[in-house]
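The following exercises are to be worked through with the sequence and the three-dimensional structure at hand. Each task is followed by a solution in steps.

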Amino acid sequence: MLGIAAAVLFFFAFLIDAAEISTNDVFSSTNVMLLGLMLLALHVAGIGSGWSGRRR
């Protein structure tokens, strides 16, 4: 789940950078990319792996 969220944030960062959209400093492409990296690191570390909706 966190991996998908990281991919979406990377895509948003790419769109902001490629389209040269002027945003404020909070939503700059670098900050969005850093948020994506943080989510990807949490995903690789195994945080959030127990968040599935169905259980065995």
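The structure is a predicted model.

**Exercise 1. State where I47 lies, whether I47 is buried or exposed or in between, and which residues it touches.**

Step 1. I47 belongs to the segment that comes after α2.

Step 2. The relative accessible area of I47 is 47%. Buried requires under 20% and exposed over 50%. I47 therefore counts as partly exposed.

Step 3. When residues up to four places away in sequence are not counted, I47 touches L2 and L42.

Step 4. Along the chain, I47 and M1 are 46 residues apart, yet 10.0 Å separates their C-alpha atoms.

**Exercise 2. Describe the protein chain as a whole: its helices and strands, its buried share and its accessible surface.**

Step 1. The protein chain has 2 helices and 0 strands.

Step 2. The chain consists of 56 residues, and 14% of them count as buried.

Step 3. Its accessible surface amounts to about 4,600 Å². Carbon and sulfur atoms account for 66% of this surface.

**Exercise 3. Determine what span α1 should have, and compare this with the distance between its end C-alpha atoms.**

Step 1. Helix α1 comprises residues 2-18, which is 17 residues.

Step 2. The expected span is 1.5 Å times one less than the number of residues. For α1 this gives 24 Å.

Step 3. The end C-alpha atoms of α1 are 24 Å apart, so the two values agree.

Step 4. After α1 comes E20, which has a positive phi near 55°.

**Exercise 4. Identify which residues of α1 are buried, how they are arranged around the axis, and what covers them.**

Step 1. The buried residues in α1 are L2, A6, A13 and I16. Because they cover an arc of only 85° around the axis, these residues lie on the same side of α1.

Step 2. I4, F14 and A18, on the other side of α1, are exposed.

Step 3. The cover over the buried residues of α1 includes α2, residues 29-45.

**Exercise 5. Name the residues of the nonpolar surface patch, and classify F12 by its accessibility.**

Step 1. The nonpolar patch on the surface is formed by I4, V8, F11, F12, F14 and L15. Together these residues have about 600 Å² of accessible area.

Step 2. F12 is located in helix α1. Its relative accessibility is 44%, so F12 counts as partly exposed.

Step 3. I4 and F14, which also belong to the patch, are exposed.

Terms used: Residues are numbered from 1 along each chain as its sequence is written. This is a predicted model: local features need pLDDT of at least 70, side-chain atom pairs count only at pLDDT 80 or more; totals for chains, interfaces and linings use all residues. Side-chain values use heavy atoms; hydrogens and water are left out. Patches are made of residues with over 30% relative accessible area and no salt bridge: like charges are joined within 9 Å, nonpolar side chains (Val, Leu, Ile, Met, Phe, Trp, Tyr) within 5 Å. Accessible areas come from the Shrake-Rupley method with a 1.4 Å probe; for residues, only the protein chains shown count as cover. A salt bridge is a side-chain nitrogen of Lys or Arg within 4 Å of a carboxyl oxygen of Asp or Glu. Helices (H or I, at least four residues) and strands (E, at least two) are DSSP runs, numbered from the N terminus. Buried means under 20% relative accessible area, exposed over 50%, partly exposed in between (1.4 Å probe, protein chains only). The arc is that of the directions from the helix axis to the C-beta atoms. Contact means heavy atoms within 4.5 Å.
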